[in-house]
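Here are my notes after a first pass through the coordinates. Have them open beside the sequence as you read.

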Amino acid sequence: MTTTADISSDGDISSEFGQPARRRPGRRTATAWAGRIAGAALVLWAAATTTFLLQALAPGDRATLLLNLAAGQSRDRTPDELAPVNAKYGFTDPLGQQYLDYLGGLLRGDLGTSYQLQEPVLSVILDQIAPTLVLTATALALAWLIVITATMLGAGRRGPLAGPANLLETVAAGLPHYWLGVILLVVFAIELSWFPVESGSGPRGLVLPALTLAVPLSGFLGQVTRAEFARALDQPHVLSARARGLGDTATRFRHVLRHSLIPALSISGWAMGALFGGAVIAETVFARAGIGQTLVAAAESRDVPLVSGIVVAIATVYVLANLVVDFLYTVVDPRISAA
Amino acid sequence: MRVRGRVVLAVAAIGVLVASSACAAPRTGDGRATGVPAATGRPVDGGVIEYGHEQEPPCAHAGWVQNAYLARQYLDNLVSLTDEGTVVPWLATGWDVSPDRLAYTFHLRRDVRFTDGTRLDAAAVKTNFDTYLDTKTQNSTVTAYLGPYFSAGRVLDDFTYRLELKSPYEPLLTVLSQGYFGIQSPTALARGPEANCTAPVGSGPFVLEKWERNRAITFVRNPNYNSAPANARHQGPPYVEKVIWKFLKDPVLRYGSLTSGSSDVIYNVPVVDWADASTRFQLRQYITGGRPNAVSLNVTRAPFDDVRVRRAFAWSADRRAAVRGAFLGVVPYNGNGSLSRSTPDYDPALDDAYRYDPARANRLLDDAGWTRRDDRGIRLKDGKPLEISLIYAAGAIVGPEGAAVLQDMAQQAREVGFDVRLVPATQSEHFGGKYAPADTYHGYVGYWTSPTPGLLHINWRQRLPNSPNPNNTAYYNDPELQRTIEQGNAATDPAQRQRYYSAAQRIISDQAAAIGLYTQTTSIAVAPRLRDVWIEKSQGEPVFSDARFVE
């Protein structure tokens, strides 16, 4: 509780997660926007570079991997076999050259060709990212719905339910996605048949995978919000609102909730990125199309262009989500933009 | 829920009664067919089969068994393998073998077109073999089988192709029945590997229409299909319109998809659901021929360079019990490390060559000089502990049950003084060849599906500088073993062939160069309203072209 209270005050938690330091937006001057765009570009460059290096420097020979994966074998390969593959993908070029080629391609919007799928990376990503975005956005919305409902009903109230509610949030925040997903699948899809077993593309199929991601996230967001909510309840302006005779629900909704959402909102930008990790599992358990599964398959086969492309794509979503969050601050708390 | 469960049980009970009184469900090869029979009723044309498969290969055509499963749906081969193990016509209506057994002349059908309109002819077949054997085209499974034997391919006339060998190779026809040897449209092959990865073109019963990555491949009926193999259950186009080949990687999801009716057929029925499935679905289990899941012991590296230590390792664990425990009796034990029990000329006597005997293991290790023990109970020799690293490709090759078998083994081997380190290799480490060099492992777990004991030539031919054989993962170089296998491959007399292959298995077993664990199996569960899904023999590929729904 203390940690959440510490980070909640200035909404700067996201810097802990590798995002460039973001201050509350001041006047929207050209300099501020230039700085922000430079920061975003930095994030993207770092993501691309890290992925490239991790993939290129991982042990094992990439040409061997390509040949063996196709054959289902684990053997070493003769130079005769490797030469054409190396020539085709430039694996034997100096690493710096490969890196420059890669960055140059990125700048031209060319993410390269997937080694394994033999398709342009961009088209693979465009095919796969929409279902994942729908899933993660729905999960985020669901998490918020749960948080707002729980907070409105429970936060800051004393009584026998306060302890268990808090415990529930802690438990929810720690639920492993795979475990939760399988439980939801078995109970609500297989046994009760309320939802399709395979997620498909319909809205009904979205519910269980989205819940799989939303429940742990709501526990996490809820802890942050609850602490802030409790603090806000004791603020002078809340007391004065009550003194003016405003009802409890109205006070909570109009004066306290809005205030307490700021830190959780700030985390949401980060959460959008983190949800991509959970999406891998939700997509596998519910047989859902998506970029998460593609990323895992690509990483397993060290498909450097595809892994890098997906990471850059996710980083882009992440950067955009944070820009949206910045904008939402000004909506939730107009004082921020006025400051 | 409870009510539904009872109804299901009652239906299942009736089903079992019917099954035991009526004639048995059609069997496939050495497969086990259990479960309920297909529903009675009028079979209908049309409909869409939703099939839940497990693993998704990167490309539709290559040399992994995962590719063979797909190939069966959209490619035809020259020949087909019956359940009895005989080779029958497919794209080849017949063949002549020269008296010296060095030339196979295939007479091709004249009325077959690939689905892109290209004509099937001798030139097309030649293009296929030449392409497959070209190192640039990545079909190294074809190379592993044919490379040492292939001499030349010749177009004798429009519809006659002759395959010439360097030395007699009796398994040839059986080998050609595998999906890796399916014949593709030469026009499509010429497009290069990119196009051929997701949209290969054959003359098979279905056309690969669409591949949604991570989700499904859609196969649509080839309306002009006229080239079913002689052992198909019907000639002509498939009865069903489509097969949606879904990738359901999670076992809970896969079985749930079947029980909820989202799938009509699923692959790899989870062993925990086996008993339940046998009361509700048509169950088929096919034990694939070839090499079972076995541990190759690296004979070039201490301590396994000493045959006594290898034998001690083999004696040290109750592998039969470990397999029964992990697979709940669903997947059989296969103690013979060189061939699986469904392979022709497999020697069953070797299954118990190393029955669990820790006392014997201890004696052997004492003899080999590993007499002292450290405070953990690990044996020592010259101050060095008896350490063994066992590599297995987790997920890609060895599933959770297989991993449990290995853990059991490691635990028991520890009792006699082995310090066994189990190393789960990721897919990229495994296929990237991280553990290919001799100094990276003591034991490596793997299987190789094959319909012929000729496979021994792939796994056990010597690794020599002028004739490298990276598939010999035990690094076991033995001219006598190689000669024996080659004599088996060349022998025309079946009894003689069996003697050679048996002798080869015995050498491998005596040397404890490979220790068998469990068979590689294909299992499918089919909903009662779908009839005549069968598993073909060469690789255990599910066949949907004869399947039809029951009204």
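1. Starting at the N terminus, the elements of chain A read α-α-α-α-α-α-α-α-α-α-α-α-α-α. Counted up, chain A has 14 helices and zero strands. Keep in mind that this is a predicted model.

2. Still on chain A: buried residues account for 50% of its 339 residues. As for how the chain contacts itself, take the contacts between residues at least 6 apart in sequence; 74% of them join residues at least 24 apart.

3. Over to chain B and a helix pair. Helix H10 (residues 307-315) of chain B packs against helix H12 (residues 358-367) of chain B at an angle of about 160°, and their axes are 8 Å apart. Angles over 145 degrees count as roughly antiparallel, so that is the label for H10(B) and H12(B). The crossing of the two, H10(B) and H12(B), is left-handed.

4. Who makes that contact? On the H10(B) side you'll find Arg308(B), Val309(B), Arg311(B), Ala312(B) and Trp315(B). H12(B) brings Pro358(B), Arg360(B), Ala361(B), Leu364(B), Leu365(B) and Asp367(B). By class, the residues in the contact of H10(B) with H12(B) come out as seven nonpolar, no polar and four charged.

5. How many disulfides does a search of the whole structure find? The answer is one over all chains. Cys59(B) and Cys197(B) form a disulfide with their sulfur atoms 2.1 Å apart. The pair ties together distant parts of the chain, 138 residues apart: Cys59(B) sits in the loop between strand E3 (48-53) and helix H2 (65-74) of chain B, while Cys197(B) belongs to helix H7 (residues 193-198) of chain B.

6. Are its cysteines buried or exposed? Cys59(B) has 16% relative accessibility, so it counts as buried. Cys197(B), at 1% relative accessibility, counts as buried too.

7. Last stop, Arg548(B), which is found in strand E27 (residues 548-550) of chain B. With 19% relative accessibility, Arg548(B) counts as buried, because the cut-off is under 20%. Leaving aside residues up to four places away in sequence, Arg548(B) touches Pro43(B), Val44(B), Asp45(B), Tyr239(B), Arg529(B), Leu530(B) and Arg531(B). If you want a distance to check, Arg548(B) and Tyr145(B) are 35 Å apart in space, C-alpha to C-alpha, and 403 residues apart in sequence.

Key: Residues are numbered from 1 along each chain as its sequence is written. Chains are lettered from A and ligands numbered from 1 in the order in which they are written. This is a predicted model: local features need pLDDT of at least 70, side-chain atom pairs count only at pLDDT 80 or more; totals for chains, interfaces and linings use all residues. Side-chain values use heavy atoms; hydrogens and water are left out. Axes are lines fitted to C-alpha atoms, for helices over the stretch in contact, and angles run from 0 to 180 degrees between N-to-C directions. Helices (H or I, at least four residues) and strands (E, at least two) are DSSP runs, numbered from the N terminus. Angles under 35 degrees count as roughly parallel, over 145 as roughly antiparallel, 65 to 115 as roughly perpendicular and the rest as oblique. A crossing is left-handed if the near helix is turned anticlockwise from the far one by less than a right angle, and right-handed if clockwise. Contact means heavy atoms within 4.5 Å. Ala, Val, Leu, Ile, Met, Phe, Trp, Tyr, Cys and Pro count as nonpolar, Asp, Glu, Lys and Arg as charged, and the others, Gly among them, as polar. A disulfide is a pair of cysteine sulfur atoms within 2.5 Å. Buried means under 20% relative accessible area, exposed over 50%, partly exposed in between (1.4 Å probe, protein chains only).
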